[in-house]
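I set out to record which oppositely charged side chains pair up in this structure. My entries follow the structure itself.

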Amino acid sequence: SRVLGLPARELDPRRELGTLGLNSLLAMELRNRLEAALGRGLSATLAWNHPTVEAMVAFLAAGDDDEPDPDGAPA
């Protein structure tokens with residue numbers, strides 16, 4: 001909610017972040033904040049591969065650091 005500038009109560013975990021105003025620059029900010037908070041590297045395409053809060057949480061909880069880049073190479 002901080003990256004999007006929305007109150008947390010307005011953030012529907014099942015709604016695509018792009019429809020809430022997420023753009024490429026904000027997606028990178030989100031990824032950078034998550035990397036710092038979690039202490040692990042994440043793909044630059046994280047927000048696009050997991051476009052809802054619900055999907056992103058499920059991915060991050062699984063601990064899968066081998067998310068492929070769009071060209072098919074491991075991250």
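**Notebook: salt bridges**

I searched the whole structure and found 4 salt bridges, a salt bridge being a side-chain nitrogen of Lys or Arg within 4 Å of a carboxyl oxygen of Asp or Glu. The model is predicted, so I note that local features need pLDDT of at least 70 and side-chain atom pairs count only at pLDDT 80 or more, while totals for chains, interfaces and linings use all residues. Residues are numbered from 1 along each chain as its sequence is written, and side-chain values use heavy atoms, with hydrogens and water left out.

**Entry on Arg14**

I looked up Arg14 and found a salt bridge to Asp12, at 3.6 Å from N to O. Arg14 is exposed at 60%, whereas Asp12 is partly exposed at 33%.

I then found that Arg14 also forms a salt bridge with Glu54, at 3.7 Å from N to O. This pair links distant parts of the chain, 40 residues apart: Glu54 lies in helix α3 (residues 53-62) and Arg14 in the segment before α1 (24-38). Helices here are DSSP runs of H or I with at least four residues, numbered from the N terminus. I recorded Glu54 as partly exposed, at 44%.

**Entry on helix α1**

I found a salt bridge between Glu35 and Arg31, with the closest N and O atoms 3.6 Å apart. The two residues are 4 apart in helix α1, which means about one helical turn separates them. Arg31 is buried at 14%, and Glu35 is partly exposed at 23%.

**Entry on the network**

I noted lastly that salt bridges with shared partners join Asp12, Arg14 and Glu54 into one network.

Key. Buried < 20%, exposed > 50% of the residue type's maximum accessible area, 1.4 Å probe, protein only.
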